[in-house]
Amino acid sequence: MLKWALIFLVVSLVAGALGFTGVASGAKTIAKILFGLFLLAFILLFLLAWGAGELIF
């Protein structure tokens, strides 16, 4: 998911540099959503792993 967020970020930067503002705006929005989902999944999995570690030890 982070890989796709970075791909859309690069697409947004290139489109913005070439003057395609509509494409750049759309790619930026998709990149922000994907990064937010990645961050949410990372935090959730981190907390689950931390809780499982406390249960085991």
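How much accessible surface does the protein chain have, and what share of the surface belongs to carbon and sulfur atoms? In this predicted model, in which local features need pLDDT of at least 70, side-chain atom pairs count only at pLDDT 80 or more, and totals for chains, interfaces and linings use all residues, the accessible surface of the protein chain comes to about 4600 Å², and 83% of that area belongs to carbon and sulfur atoms. Accessible areas come from the Shrake-Rupley method with a 1.4 Å probe, and for residues only the protein chains shown count as cover. Residues are numbered from 1 along each chain as its sequence is written, and side-chain values use heavy atoms, with hydrogens and water left out.

The protein chain has two helices and zero strands, where helices (H or I, at least four residues) and strands (E, at least two) are DSSP runs numbered from the N terminus. The radius of gyration of the protein chain is 17 Å, well over the 10 Å that the globule rule gives for 57 residues, so the chain is more spread out than a compact globule; the radius is taken over C-alpha atoms, and the rule is 2.2 Å times the number of residues to the power 0.38. Along its principal axes, the C-alpha trace of the chain spans about 55 × 15 × 10 Å. For H2, the 36 residues should span 52 Å at 1.5 Å a residue, and the end C-alpha atoms are 52 Å apart, which agrees; the expected span is 1.5 Å times one less than the number of residues in the helix.

Buried residues make up 12% of the 57 residues in the protein chain, with buried meaning under 20% relative accessible area, exposed over 50%, and partly exposed in between (1.4 Å probe, protein chains only). In H2, Ala24, Ala27, Ala31 and Leu34 are buried, and the buried residues of H2 pack against H1, contact being defined as heavy atoms within 4.5 Å. Glycine 26, also found in helix H2, is partly exposed at a relative accessible area of 32%, and its C-alpha atom lies 17 Å from that of leucine 2, at a sequence separation of 24 residues. Lysine 32 of helix H2 is exposed, with a relative accessible area of 58%, and its C-alpha atom is separated by 7.2 Å from that of alanine 5, 27 residues apart along the chain.

A nonpolar patch on the surface is formed by Leu2, Leu6, Leu9, Leu13, Phe35, Leu39, Phe42, Ile43, Phe46, Leu47 and Trp50, which together have about 1100 Å² of accessible area. Patches are made of residues with over 30% relative accessible area and no salt bridge, with like charges joined within 9 Å and nonpolar side chains (Val, Leu, Ile, Met, Phe, Trp, Tyr) within 5 Å; a salt bridge is a side-chain nitrogen of Lys or Arg within 4 Å of a carboxyl oxygen of Asp or Glu. Helix H1 (2–18) and helix H2 (21–56) each supply at least two residues of the patch, and H2 gives the most, with seven residues. Leucine 2 in helix H1 is partly exposed, with a relative accessible area of 31%, and leucine 9, which lies in helix H1, counts as partly exposed at 41% relative accessibility. The C-alpha atoms of leucine 9 and phenylalanine 38 are separated by 14 Å, the two residues being 29 residues apart along the chain.
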